[in-house]
Amino acid sequence: MRKNFGIKSWFYPLPVLIIGTYNEDGTADAMNAAWGGLYDADKVVLCLSAGHKTTSNIKARGAFTVSFADAEHVVSSDYVGIASANTEPRKMEKAGFHVTKSEFVDAPLIEELPVALDCRFLGFNEDGNVIGQIVNISAEERVLGEDGSIDLAKFRPISFDPVHNGYHVLGERVGSAFRDGSVLK
């Protein structure tokens with residue numbers, strides 16, 4: 001038997017996205033954005049309100065990075081979601097995040113977070129959400145497997161549980177996509 005909950009903002013898994021931008025003075029900023037994802041094969045969508053410093057930074061610079069939070073950096077990743085650059089100028093320092101400038105867009109890469117998308121701002125969709133063109137994906141070698149691709153067991157990205165406000169590690173492999181279902185053909 002199912003229990004009905006009505007309309008809730010529950011969606012699984014929700015990636016924990018850390019959005020990197022530069023402020024007008026050139027300092028780096030980051031925010032935790034729980035609502036976002038792929039918009040097309042080569043685009044992302046971010047549900048950011050207009051009042052976020054990150055939103056104004058994206059408009060001003062025309063670029064941003066999307067890093068995926070990992071288990072090792074839960075505290076820092078959560079902090080950049082609860083502190084605002086509008087009121088805390090030392091936000092990145094307090095989070096313990098260090099940055100390097102992306103080679104592809106005018107936005108910072110967070111050194112501690114091993115997987116990131118470099119994105120060019122395309123505009124807002126009809127709902128006011130930020131749309132970005134992915135121009136590069138990078139990963140630190142420490143999270144790559146023997147095949148040279150990202151290894152989830154090494155990466156350990158986290159997901160947000162909107163029901164209990166928790167973070168959970170992703171990574172256990174339970175099957176093979178585009179193959180396991182073939183036994184039912």
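Is Asp42 to be classed as buried, partly exposed or exposed, and what is its relative accessibility? In this predicted model, Asp42 has a relative accessibility of 32% and therefore counts as partly exposed, since that class lies between the limits of under 20% for buried and over 50% for exposed residues. The side chain of Asp42 takes part in a salt bridge with Lys43, in which the closest N and O atoms are 3.2 Å apart. Lys43 also meets the side chain of Asp40 in a salt bridge, with an N to O distance of 3.9 Å. Asp40 is likewise partly exposed, its relative accessible area being 45%.

Eight salt bridges are present in the structure. One of them links Arg90 to Glu93, the closest N and O atoms lying 3.1 Å apart. Arg90, at 42% relative accessibility, is partly exposed, whereas Glu93, with a relative accessible area of 53%, is exposed. Through shared partners, Asp40, Asp42 and Lys43 are joined by salt bridges into one network. Side chains of opposite charge can pair when their charged atoms come close.

The strands are described next. An open sheet of seven strands is arranged in the order β3-β2-β6-β9-β10-β5-β4, and its pairing is antiparallel. Its edge strands are β3 and β4 (residues 36-40), each of which pairs on one side only. From one strand to the next, the twist averages 35 degrees. Within this sheet, β9 and β10 run antiparallel and are joined by nine bridges; Phe121 stands opposite Gly132 of β10. Helix α1 packs on the sheet, where α1 touches β2, β3, β6, β9 and β10, and the direction of α1 makes about 50 degrees with that of β2. A further helix, α2 (residues 74-82), lies across β2 and β3 and runs at about 95 degrees to β3.

Helix α1 spans residues 53-61, and its buried residues are Lys53, Thr54, Thr55, Asn57 and Ile58. The cover over these buried residues includes β2 (17-22), β3 (28-33), β6 (63-68), β9 (115-124) and β10 (130-139). An α-helix has 3.6 residues a turn, so residues three or four places apart point the same way. After α1 comes Gly62, which has a positive phi near 75 degrees.

The loop between β5 (43-46) and α1 contains Cys47. With a relative accessible area of 36%, Cys47 is partly exposed. When neighbours within four places in sequence are left aside, Cys47 is in contact with Trp35 and Asn129. The C-alpha atom of Cys47 is separated by 20 Å from that of Leu109, a residue 62 positions away along the chain.

An open sheet of three strands is also found, with the order β1-β11-β12 and antiparallel pairing. Here β1 and β12 (residues 166-169) are the edge strands, each pairing on one side only. Strands of a sheet pair through backbone hydrogen bonds, either parallel or antiparallel. The segment before β1 (14-15) includes Tyr12. Together with Phe5, Trp10 and Val163, Tyr12 forms a nonpolar patch on the surface, and the four residues have about 380 Å² of accessible area together.

Definitions and conventions:
Residues are numbered from 1 along each chain as its sequence is written. This is a predicted model: local features need pLDDT of at least 70, side-chain atom pairs count only at pLDDT 80 or more; totals for chains, interfaces and linings use all residues. Side-chain values use heavy atoms; hydrogens and water are left out. Buried means under 20% relative accessible area, exposed over 50%, partly exposed in between (1.4 Å probe, protein chains only). Helices (H or I, at least four residues) and strands (E, at least two) are DSSP runs, numbered from the N terminus. Contact means heavy atoms within 4.5 Å. Patches are made of residues with over 30% relative accessible area and no salt bridge: like charges are joined within 9 Å, nonpolar side chains (Val, Leu, Ile, Met, Phe, Trp, Tyr) within 5 Å. Accessible areas come from the Shrake-Rupley method with a 1.4 Å probe; for residues, only the protein chains shown count as cover. Two strands pair if DSSP finds at least two bridges between them. Axes are lines fitted to C-alpha atoms, for helices over the stretch in contact, and angles run from 0 to 180 degrees between N-to-C directions.
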